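Work through the exercises below with the model open. Try each task before reading its solution.

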Amino acid sequence: SNPTLHESMAIPQKLLFGSDFFYGQSNDHAPLQGRGPLPPFSYARGGFSVGWGASVLTPDQCDIEDWPITLDDLADHFESVLATLPLSANDDELTARFPLYKENYGTLKLTAGNAAMLQDLRRSGLLKSDDFLFGQARLLVRSQTLGDKPGCKYCGHCMSGCVYGCIYKSNDDLDRLASAGKIDYTGQAWVQHLEEKNNKVDISYVNRLGDQQTMSVDKVFLAAGAVNSTRIILKSKKLYDHKVYLRSSSSFVLPMLRAKHAPVDWPNINTQPGLFLEYKVPGLSNHWIHTQLSTPNEMVFEKLKLHHTSNSLTQKLKRRILGHLVIAFCNLHSNHGYGYELFLKKGDGNNLLMYDRQCSIQSDKDNKRAINHLLRIGWKFGCIALTPTALNFTRGFHVGGTLPMKQSPQKETETDLLGRPRSMKNVHVVDSSVFPSLPGTTIGLLAMANADRIASEVLLK
């Protein structure tokens, strides 16, 4: 088959209690201008974590082979980070290549459809291949199995925002640290640039009233997100019209139909992804394609205009079809993704970040190969991939790589193993900007562990 990628058939945008406030937009203090969709960034307290799906999976070594550090260098830091976070997971087939890095974890109940599909996967014989793994989804969610309070209530609205606060958000940590007096938090401030002077770092920023302010500190750990960390470093180094490449994953959503019917037990379920499936495409690369499998959730119900209280023939038919429907959300390594060219334009304010969406025929071909391969292996676990309805997202949700870590940085926009841009001593970039490449697996936990590694090593010096 030759799948058609429909960008126009977009699924409903994920919102938080109906709000899209955590999706960043250009503003007077940090303007963006360019061609194509905006690269993803957030100004929310807690960033995208305030509205994310909380899926986490550490990378395999094969996905960070071009990094100057190894998975072993990060192992203790995965454990350190996860020690303070709620994790729902299972010690299953995934563990062979993707360790849990945590002993005390909970396990969410799977929907009837996900549980049945997991059994189909185990009977499929696909595990005989070294290019295929699966297991229960790993989520930063409090579950009742550990007696966590609050634990998941299975209310069926996880993808709309958890009213019980069971899904981890990094702003919870900010609140906890601020309440304990361990940090001072200043919100609604736009950092403009950093300047090292006399073994200190001056932080220049604009406050919520529009006033220019300066703060002097010993060290800066910069985690403004890949887009704005890049802006700040380019401005700090006065690198105008200096083009950098913002790497991006590419993603697609592929509806699938299970041959077997499963009851739709909504709303008494958790609607986050239920299963993870990792696969490689022979001849494409040695990188895993990360796939999150979900039975229908409230976003799908919205798209299909399903009304659970209606008994019309059309509504009954939709409910019957939903008992066979599986949604696969797939993410490819950044080597197969689309990217952005960024540069800081010299002019009024010297703060206009230009972006240019890079189109790639090769990435389109790689996506189609990934879709076709999922079609082929889907048959083996009882699922028919509806390839003509695949939704391709040329705007990847994971971005980074503008300030890549190198063993010996040579360029002004390269960083050392502690995230320090060349010629800077006390500024450490600790977000995905410093990733030399982005694995197809989720990058939130990876960013936390790498930040923990950098901060730990700096404090030991």
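## Exercise 1: a residue in a helix

Task: find which residues Ser363 touches, leaving out those up to four places away in sequence.

Solution. Ser363 touches His336, Gly337 and Tyr338; contact means heavy atoms within 4.5 Å. This is a predicted model: local features need pLDDT of at least 70, side-chain atom pairs count only at pLDDT 80 or more, and totals for chains, interfaces and linings use all residues. Residues are numbered from 1 along each chain as its sequence is written, and side-chain values use heavy atoms, with hydrogens and water left out.

Ser363 lies in helix α7, residues 361-378. Helices (H or I, at least four residues) and strands (E, at least two) are DSSP runs, numbered from the N terminus.

Is Ser363 buried or exposed? Its relative accessibility is 3%, so Ser363 counts as buried. The cut-offs: buried is under 20% relative accessible area, exposed is over 50%, and partly exposed is in between (1.4 Å probe, protein chains only).

## Exercise 2: another residue of α7

Task: state where Leu375 lies, and how far its C-alpha is from that of Thr387.

Solution. Leu375 also lies in helix α7. Its relative accessible area is 16%, so Leu375 is buried. Twelve residues separate Leu375 and Thr387 in sequence. In space, their C-alpha atoms are 7.3 Å apart.

## Exercise 3: the three-strand sheet

Task: describe the open sheet of three strands.

Solution. Its order is β3-β4-β5, with antiparallel pairing. β3 (190-197) and β5 (212-217) are the edge strands; each pairs on one side only. From one strand to the next, the twist averages 20°; axes are lines fitted to C-alpha atoms, for helices over the stretch in contact, and angles run from 0 to 180 degrees between N-to-C directions. β3 and β4 (residues 200-206) run antiparallel, joined by seven bridges. Val191 stands opposite Tyr205 in β4.

How values were computed: Two strands pair if DSSP finds at least two bridges between them.
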